[in-house]
Amino acid sequence: MNRREFLKISAALGAAGAMPTLLGGCAARPLPGSGVVTGSPTVCNLCFWQCAGTLYQEDGRPWKVVGHPDDPHCEGRLCTRGSAGIGAYVDPDRLRQPLLRVDEGGGQRFRPVSWDEAFDFIARRMKAIGEQHGSDRMALFSHGDGGEHLRRMLQAFGSDAYAHPSFAQCRGPRETAFGLTFGEGVGSPDRTDMAHSRCIVLIGSHIGENLHNSQVQTLAKALDSGATLITVDPRFSVAASKSAHWLAIKPGTDMALLLAWMNVLINEDLYDREYVARHCTGFGQLARHVQAFNPEWAYLETGLEPSSIRETARAMARAAPATLVHPGRHVTWYGDDTQRCRAIAILNALLGSWGRPGGFYNQEKVDLPEYPAPKPPKPASDWKAVVQAEYPLVSTGISNKLVEHSVGKDAFFKGWFVYATNLPMTLPGGVEQIEAAAQSLELMVVVDTMPAEITGYADVVLPECTYLERYDDLRNKPERTPTLALRMPAFEPAHETRPAWWIAKGIAERLGLGEYFPWQDYQEVLDWQLKQVGSSLAEMQTLGVKRFPRKGAVYLDADNPLRFKTPSGKIELYSSLLADIGQDPLPRYTPPDRPPEGYYHLNYGRAPAHTFGRTINNPQLFELMPENAVWVHPAAAAGLGVGNGDYVRLQNPEGTRSNRVRVRVTQRIRPDSVFMVHGFGHTDQRQRLARGVGADDAGLMHNVKLDPVMGGTGMRASFVTLVKAGEVS
Ligand code: MGD
Ligand code: SF4
């Protein structure tokens, strides 16, 4: 028997209990709004834009959640998903109590246990790992606010290794590339000044379907004011439909277009000479480098007419510096991602848009001190030197590398905490990797609100309460106006669920590390921090959101000589750091792999109603979008003999097949590609709405390209064909 069998959390362990239903027994209920209404501040957790809002209850029953009018992340309006926050709270399939994997009757199962028993087990295993291998051998995977509490607990124990999938599977390449070029990343929320842009270029960025609240609002504002929108996408996205120019590029050839745009800007003398002379270094090398890449050359790679390449380059130059070549967000595509993002950064520099209105602005956050507590010990070893030494420019964890170093008996990592990230559906080929790691690890603790696929591999599953039932750290993000926002509980934690701060403190105390959590509950920490900046918890419980004065200029200050945080102190068009580590100091085009006969590029993206896999089982959002579909061009559909609404399975060249998924025949996709929304295809039986509906793209990825600069996983180089569902055995 495997050391760790995949365990499904049985219906008996999660049987629907006394959670309020969505309609709360509407037959006996007065009309909404006619009872006693109370509100409490919250910060949405349905995605990571973190919009502030107010949760209203009526006669103690959840009523609605709405956006906070003073909040720059939402400007008073929550998106579709945020408005369905109550769905996460009332989901009858939520985890309810701590679960411990036990060997019984010749098999393994999860046994519901008390928090004490769960903590004792975890502390015993961690101490054993510490004694046998060293206390630096635990890793944390996290995607969400509560992960910071667990990180502190692990640091106190002696382990500092952590990774967020939002780096190596998402925006790591752009942060690395902008850091190399301007000395600073784009950050989140993105520092794009779209509301003032006169020209916006979206390269594979489907804003509108990818719904980050204020970003969509500022794009709409720019369009209302007459900004020119240029969209580069193999698919006719919603943004493409609003565009003056839709460039339906051959998948994976964007770098060729970017080089050609630079060629036109430089050769037609359309770049911002003064800005470049004043702030940039390496212009001569760049100008020589791009000479070979004219629009005629790019046409052969991208399929885009040279005339439209020239026309769009000129449109960008006309509006500059209020031209934003958007840096994108989920940019782990073909493995040359840092280089492609560097090309985008360079283009912005040529247009003079970094630090200028309509381009990128300077962000600030509130200077919020940390609660006084002992400093964690220095770990016994430098985990980055062991796990990701080949990526010296990366200062954060690369999730796929951490997983790789958890497989086998000599692996560096011996234990994991996984907080709010469903690794089997997040890492390409994740199921195989997690299975391999699960056989080697001596401890896996999963902290989640739902019985996600990752919980099936855990030794211990710890149920966190939802964001509507807990305090978390104050939201203190870099913004135009420094702002704090409070998330506080509207309800008592349901069932036996608890917040992450409580979980981290409880485990630390079992490990004898209670001194690192020198407070009774988290309100004490928040109140102390708020008092240091002239507010208090009581004030924030009333306000929800508070703005603070800025200290510096919003835009680049032309009167003061500026030093960028790069080795040269300038914007580095030619990257000295890349040259130092033997990587291309100027972006170079690598043609992508082409699909084998009968196969299509597997393109994927987001939909406004869902965030990855985490919202599929939310009853309100499931109703809006209960399954994904695969978009197929009519010519491809005719060749394959499939029609609109047919069920098919997707199959990659290695023979891996997806769950069944419906066909959507549409002209909105190129004939060489298919498209689907990511996040569907859950297999865990306890997500009763989400299980078995739609297809999972991550499981089909077979041609993952590692980025040589930052180690992330390029996930768009995979191919699939369609097999009629009825024809599959
Ligand atoms: P989800 O798949 O939504 O996101 O990947 P993940 O971070 O893994 O899973 C999140 C988990 O968090 C769920 O199990 C959910 O139940 C749990 N959860 C939700 N709220 C809470 C909470 O309050 N507390 C706790 N403890 N748990 C909670 C996202 C990652 O995936 C990212 S950032 C990107 S950009 C990539 N996107 C992507 C893609 O588009 N396509 C493919 N194929 N792979 C991708 N991988 C990456
Ligand atoms: Fe919530 Fe939508 Fe804001 Fe994301 S963008 S935090 S889902 S309201």
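A polar side-chain atom of aspartate 448 lies 2.6 Å from an oxygen atom of ligand 1, a polar contact being a pair of N or O atoms within 3.5 Å. The model is predicted: local features need pLDDT of at least 70, side-chain atom pairs count only at pLDDT 80 or more, and totals for chains, interfaces and linings use all residues. Residues are numbered from 1 along each chain as its sequence is written, and side-chain values use heavy atoms, with hydrogens and water left out.

**Further polar contacts**
- Threonine 426 places a polar side-chain atom 2.5 Å from an oxygen atom of ligand 1.
- A polar backbone atom of glycine 613 is 3.3 Å from an oxygen atom of ligand 1.
- Of the 910 Å² of accessible area that ligand 1 has on its own, the protein covers 96% (Shrake-Rupley method, 1.4 Å probe).

**The surrounding shell**
- Ligand 1 is surrounded by 30 residues, each with a heavy atom within 4 Å of it.
- The closest are His143, Thr426, Asp448, Glu464 and Arg606.
- By class, the shell has 12 nonpolar, 12 polar and 6 charged residues; Asp, Glu, Lys and Arg count as charged, Ala, Val, Leu, Ile, Met, Phe, Trp, Tyr, Cys and Pro as nonpolar, and the others, Gly among them, as polar.

**Contributing parts of the chain**
- Helix 5 gives the largest share of the shell, 4 residues (helices are DSSP runs of H or I, at least four residues).
- Ligand 1 lies between domain 1 (99-167 + 381-476 + 499-511) and domain 3 (600-724), because both give residues to its shell; the domain bounds come from an automatic or database domain assignment.

Definitions and conventions. Chains are lettered from A and ligands numbered from 1 in the order in which they are written. A polar contact is a pair of N or O atoms within 3.5 Å; within protein, one must be able to donate a hydrogen and the other to accept it, and residues adjacent in sequence count only if both atoms are side-chain atoms. Helices (H or I, at least four residues) and strands (E, at least two) are DSSP runs, numbered from the N terminus.
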